[in-house]
Amino acid sequence: MRPEELLIPTPAGLYCPPADVHVDPMRPVPRALITHGHADHARPGHGAVMATPETLAIMAARYGEDFCRERQPAAYGETISINGVAVSFHPAGHVLGSAQILFETRGFRAVVSGDYKRQSDPTAAPFEVVPCDLFVTEATFGLPVFRHPDAAEEVAKLIDSVALFPDRAHLVGAYSLGKAQRLIALLRQAGWDAPVHLHGAMVRVTEVYRALGIALGDTPQVAAPKRKDMAGAIVLCPPSALRELWARKFPDPVTVAASGWMRVRARARQKGVELPLVVSDHADWDDLRRTILDTGASEVWVTHGEEDALVHWCGTAGLKARPLRLVGYGDEGEAEPEAAADAPA
Ligand SMILES: [Zn+2]
Ligand SMILES: [Zn+2]
């Protein structure tokens, strides 16, 4: 069958005509399947929402309990038939609850991967390769310059810096959903057992992670009057907060940012980031290509990001590929520092 019989790009997002569902729709639709909780994928106002229980919990915490009319939890690996299309959710390794969605009908398999990474993450189930005929991928870091190092080594640089500057607070700009909790878990793995302080914007999502069983240790919210006494502390905040008055109340703060974009040192300098950490929740150039090959797909659709570069590479690998140029994605969890307003969490 032609892939377009199973999935088509529409202004509202990817649509599966036989199942009559949209994936990560940009505007309210009757039936939505949601890959994960980042704001550019998970929006409020749909009729029925099918997602993993974790993603549903994250959406409820961010948007309120009435974020949709009806919730339909889908556990990883469970197959649900929708109008004769077999639909199942599989771990994407991106943030807690993130999923790739497999559509299968008449022997044809299409996977919409949402956002994903192959690096290990103590807060997310590891990415699972789902063999398919059509693989739909993003390409945020789809250029050879983007190679993400081992995240544990990047976090070790943060701990080293605290040892070197014990009188300074370390303010780490990181996104509220996913990146912040991954950093906390990596700090714990590296032996940091002191509190990891949180900006108020990160507290609610972090509590959802904890309620879903992710161990994060002591993560107190920073109280305003205490900011001047935070020598030697590690404080996580939204990237935008680094440039606000809030940040200047700390003792001689070291400005840290954790993002895949920090690979471009000029960009880090431009943003006034003293300690750039290359920690990304997206696949880098090598992992994008490896994943496409691992799925065995003969056709690849690229939703957003560096579409042209990845589509070109697919051609050189003998794969049919097309850019979808979907407008409205650009990951909340990894948006460029200056562009990102933090989530309403
Ligand atoms: Zn995302
Ligand atoms: Zn995204």
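Two strands count as paired when DSSP finds at least two bridges between them. Keep that in mind as you move through this predicted model.

**Stop 1**

Now click on alanine 257: which residue in E16 is its bridge partner? It is proline 276.

**Stop 1: the six-stranded sheet**

Move on to another open sheet, where six strands follow the order E1-E2-E3-E4-E5-E6 and the pairing is mixed. Strand E1 (8-10) and strand E6 (68-73) are at the edges with a single partner strand each, so each has one side without a neighbour in the sheet. Here the twist averages 30 degrees from one strand to the next.

Zoom in on strand E3 (residues 21-23) and strand E4 (residues 31-33): they run parallel and are joined by two bridges. Pick valine 23, and you can find its bridge partner in E4, leucine 33.

**Stop 2: helices H1 and H4**

Select residues 53-63 for helix H1 and residues 203-211 for helix H4; they pack at an angle of about 150 degrees, with axes 10 Å apart. H1 and H4 are therefore roughly antiparallel, and their crossing is right-handed. To see the contact, show the side chains of Ala57, Ile58, Ala61 and Arg62 in H1, then Arg204, Val205, Val208 and Tyr209 in H4. What classes of residue make up this contact? Six are nonpolar, two are charged and none is polar.

**Stop 3: helices H7 and H8**

Finish with helix H7 (residues 285-295) and helix H8 (residues 307-316), whose axes lie 11 Å apart at an angle of about 45 degrees. That angle makes H7 oblique to H8. Their crossing is right-handed. On the H7 side, display Trp285, Leu288, Arg289, Ile292 and Leu293; they meet Ala309, Leu310, Trp313 and Cys314 of H8. By class, this contact has eight nonpolar residues, one charged residue and no polar ones.

Definitions and conventions
Residues are numbered from 1 along each chain as its sequence is written. Chains are lettered from A and ligands numbered from 1 in the order in which they are written. This is a predicted model: local features need pLDDT of at least 70, side-chain atom pairs count only at pLDDT 80 or more; totals for chains, interfaces and linings use all residues. Side-chain values use heavy atoms; hydrogens and water are left out. Helices (H or I, at least four residues) and strands (E, at least two) are DSSP runs, numbered from the N terminus. Axes are lines fitted to C-alpha atoms, for helices over the stretch in contact, and angles run from 0 to 180 degrees between N-to-C directions. Angles under 35 degrees count as roughly parallel, over 145 as roughly antiparallel, 65 to 115 as roughly perpendicular and the rest as oblique. A crossing is left-handed if the near helix is turned anticlockwise from the far one by less than a right angle, and right-handed if clockwise. Contact means heavy atoms within 4.5 Å. Ala, Val, Leu, Ile, Met, Phe, Trp, Tyr, Cys and Pro count as nonpolar, Asp, Glu, Lys and Arg as charged, and the others, Gly among them, as polar.
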